[in-house]
Amino acid sequence: MTDKHCEPSLILPFLAPVYARFHDFAYAAMRATTGGIMAFFGWEKLFNGDMPRDIELFQQLGLEPAIPLAYFTSILEFVGGIAIAVGLFTRPLAFMLFIQMIVILLMVMIPRGSGFQLSTVWLGVFMYLSVAGSGRLSLDRLIGKQF
């Protein structure tokens, strides 16, 4: 069976060229905004004084060694977010952030009973990016290499 048979038909078929024309741009915009926001979270922790709070949380959760783990996750958010935003090493970095979101959901958000909705969206986006890769409008594509 081919993909053609699996694709549902469009209710408004005249929009097909619009969807095709803007697909790559929309994907790059999703990747850039997701990476940019994640980089901001990492920035706040690394450069705006939020690290002590994260280290304390890691210790409370029994995630040891708390200090190196907190710095690793914050650097992953900052550097990984920037790289994903520009489409560089998207698959491995998105997969690492996908795993981080699973841990955050299971150990922090769900037990608290709040805040898990947005983390679930992050989980889905990073899962998708780890499978779909950088896309056509990316540094990976520009250099001709992609994981």
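Mentor: Let us begin with Pro65, which is found in the loop between helix H3 (51–60) and H4. Helices here are DSSP runs of H or I with at least four residues, strands are runs of E with at least two, and both are numbered from the N terminus. The model is a predicted one, in which local features need pLDDT of at least 70 and side-chain atom pairs count only at pLDDT 80 or more, while totals for chains, interfaces and linings use all residues. Residues are numbered from 1 along each chain as its sequence is written, and side-chain values use heavy atoms, with hydrogens and water left out.

Trainee: What kind of peptide bond joins Glu64 and Pro65?

Mentor: The bond between Glu64 and Pro65 is cis, with omega at about 0°.

Trainee: Which residue other than glycine has a positive phi, and where is its place?

Mentor: Phe89 has a phi near 55°, a positive value in a non-glycine residue. Phe89 sits in the loop between H4 and H5. To read exposure, take buried as under 20% relative accessible area, exposed as over 50%, and partly exposed as in between, with a 1.4 Å probe and protein chains only. Phe89 has 39% relative accessibility and is therefore classed as partly exposed.

Trainee: How many helices and strands does the chain contain?

Mentor: The chain has seven helices and zero strands, so its elements, read from the N terminus, follow the order α-α-α-α-α-α-α. The C-alpha trace spans about 55 × 35 × 25 Å along its principal axes. Of the 147 residues, 33% count as buried.

Trainee: How should I read the packing of H3 and H4?

Mentor: Axes are lines fitted to C-alpha atoms, for helices over the stretch in contact, and angles run from 0 to 180 degrees between N-to-C directions. Angles under 35 degrees count as roughly parallel, over 145 as roughly antiparallel, 65 to 115 as roughly perpendicular, and the rest as oblique. H3 and H4 pack at about 125°, their axes being 9 Å apart. H3 is thus oblique to H4. As for handedness, a crossing is left-handed if the near helix is turned anticlockwise from the far one by less than a right angle, and right-handed if clockwise. H3 passes H4 in a right-handed crossing.

Trainee: At what angle do the axes of H4 and H5 cross, and what is the angle for H5 and H6?

Mentor: The axes of H4 (residues 66–86) and H5 come within 10 Å and cross at roughly 140°, and H4 and H5 are therefore oblique to each other. The axes of H5 and H6 (residues 116–132) come within 8 Å and cross at roughly 155°, which means that H5 and H6 are roughly antiparallel. The crossing of H4 and H5 is left-handed, and H5 also passes H6 in a left-handed crossing.

Trainee: How many salt bridges are there?

Mentor: Side chains of opposite charge can pair when their charged atoms come close. The rule requires a side-chain nitrogen of Lys or Arg within 4 Å of a carboxyl oxygen of Asp or Glu. By this rule the count is four. One of the salt bridges links Glu77 and Lys45, at 2.9 Å from N to O. Glu77 lies in helix H4 and Lys45 in helix H2 (residues 16–47), so the pair ties together parts that are 32 residues apart in sequence. Both Glu77 and Lys45 are buried.

Trainee: With which other residue does Lys45 form a salt bridge?

Mentor: Lys45 also pairs with Asp54, where the closest N and O atoms are 3.3 Å apart. Lys45 has a relative accessible area of 13%, and Asp54 is buried at 7%. Asp54 in turn forms a salt bridge with Arg53, the closest N and O atoms being 3.4 Å apart. Through shared partners, salt bridges join Lys45, Arg53, Asp54 and Glu77 into one network.

Trainee: Which residues make the nonpolar surface patch?

Mentor: Patches are made of residues with over 30% relative accessible area and no salt bridge; like charges are joined within 9 Å, and nonpolar side chains (Val, Leu, Ile, Met, Phe, Trp, Tyr) within 5 Å. Accessible areas come from the Shrake-Rupley method with a 1.4 Å probe, and for residues only the protein chains shown count as cover. Phe95, Ile99, Val103, Leu106, Met107, Ile110 and Phe116 make a nonpolar patch of about 600 Å². Helix H5 (residues 90–112) contributes the largest share, six residues. Ile99 lies in H5 and, at 38% relative accessibility, counts as partly exposed.
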